[in-house]
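Here are my notes for a reader who has not seen this structure before.

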Amino acid sequence: MQVALFGSDRSLPLWVTEELERIAFSYEVVTPERTKALLPSSFVVVLGNALLTEDEVAELALRLGVNPLRVAVFPYEEVCALPEEKCRMLWRGFLRSLVPPKVEVAARRVTPTRRVLLYPEGDGRLCEAFARARVPVVSFPSFALSRKGVDFHVMPHDIPVGACVLIPSLQEEPPVVLPREVLDTGRVVALERLPQVLGLSSLRKMCVVLLVPSPHPYPEDWERIFTLASLPPQGAQVLVLAEEVFVAHEGFEEAFRRAREAGVLFEKLPLSRVSLSPSLDMRRVVVTYTPEKDLFPVRCEAHWLVLVNRKTCVLPPFEKVFLSDREVVLELPENPNLLPFATNIPGVFVAWGDVEDLVATVSRYLEEGSIQEEGRVRVDAERCALCLTCLRSCPTGAIELSGNLKRCIAVNEALCARCGICAGLCPARAITFEVVHRVLGNHRL
């Protein structure tokens, strides 16, 4: 059998080449720079690591033009740390496990239609930002959406769109519950009104305390917070009590460093550990808090208590316009620093935070698309009992109904995530699922 070893052009150890020759495998070394020399009938062995994902294997197969099932991963980087005799034994078992697949699977890259739907009807800032990125935008007062592959289909307008951007409304509430007597001091101000207060008041030798809830990833608010670095030279003391300090934005780490060097004090702690009361003369707010690394409470009198409101995204009713065979549950990611705009539905984004970052994320999604494989999932129509167990359990909604005389299920491979849940739960065993195996000796990884 012919084997192509895909990896770097470093010299291979003897146990790799000797075992190939002993089992009578013809081989060639293929590097990322030398993919044209790959034999079409070769079994491609990736000398990589056990962390290679199935999507990365499919993308490599597409680049090499081979059946993804003909690509096997040997955890070369982990195995090389073992004694040579152990490496030889594992490599020998791996080679003997290679059996050319009988099923043909084709990998291809699919890119969504370069058009975005704004729901509800978009605002001017979003439309202008997408226009600068040369991404067409559509919006309608009423419509319905259905999924067709990687695209959404807007009905009844008969328009395909590659992504849908939801424009949420923001609900704002104070970060803590304020006692009435604290409000009566007149020394409580919202962050948005802070520039007006700074312009009307002399802050020399005054104390300003900010309360920042979490999660709070809105860059415009943190820009205002970091500008307080200019206050200490005027003799003001600035204290920021935050549950999390947001620096995951361009230039924010430098702004945070400058603020600390200028004398701004940042304390990370739950706001539930902050108590507020008015001073005796009702001209200041007494702030008492317990630092995270200290058990002793700290007390200070704030001339101004600045509230950064807790902002909650209220999404439009997407489930009312998205037609699906299953209940649609739209969820936002738990960590907004990782995927600040994506949702659990591929191609659906939420317009919150920085507009330019949102447009760049959506544009990159439309350009890169995804790797899809055809021929991996097979359905036996004679065995299918139409119990719809697979339809209810599929996490991506890839199961559909098909057939005229004999109704059975079908798998939309454009939506299939190749997780294998449908095949594992099918009581009639009507679904077969070809997977990419990583074999190490006699043990599957």
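1. This is a predicted model. The largest nonpolar core has 25 residues, and the members touching the most others are Leu210, Trp222, Ile225, Phe226 and Val240. At least two residues each come from helix H7 (194-200), strand E14 (207-212), helix H8 (219-226), strand E15 (237-242), helix H9 (252-261) and strand E20 (304-307). The largest contribution is that of H9, with 4 residues. As background, nonpolar side chains in soluble globular proteins tend to be buried together.

2. Neighbours within four places in sequence set aside, Ile225 contacts Leu191, Leu210, Val212, Val240 and Val308. Another core lies apart from the largest one; its 22 residues include Leu118, Phe349, Val359 and Leu366.

3. Which residues of H8 are buried? They are Pro219, Asp221, Trp222, Ile225 and Phe226. These residues lie on the same side of H8, because the arc they cover around the axis is only 155°. In general, an α-helix has 3.6 residues a turn, so residues three or four places apart point the same way. The partners against which the buried residues of H8 pack are E14, E15, H9, strand E16 (265-268) and strand E21 (310-314).

4. How many disulfides does a search of the whole structure find? The count is 0. Cys87, for instance, is in no disulfide: the nearest cysteine sulfur belongs to Cys80 and is 5.9 Å away, whereas a disulfide needs the two sulfur atoms within 2.5 Å. Cys87 is buried, at 2% relative accessible area. Cys394 has a relative accessibility of 10% and so also counts as buried, the cut-off being under 20%.

5. For the chain as a whole, the count is 12 helices and 29 strands. The protein chain has 445 residues, and 45% of them count as buried. Taking contacts between residues at least 6 apart in sequence, 69% join residues at least 24 apart. The protein chain has an accessible surface of about 23500 Å², and carbon and sulfur atoms account for 52% of that surface.

Conventions. Residues numbered from 1 in each chain as written. Predicted model: local features only at pLDDT ≥ 70, side-chain atom pairs only at ≥ 80, totals over all residues. Heavy atoms only, no water. Core = buried A, V, L, I, M, F, W, Y, C linked by side-chain atoms within 4.5 Å. Buried < 20%, exposed > 50% of the residue type's maximum accessible area, 1.4 Å probe, protein only. Contact = heavy atoms within 4.5 Å. Arc of directions from axis to C-beta. Areas by Shrake-Rupley, 256 points an atom, 1.4 Å probe, with all protein chains shown as cover.
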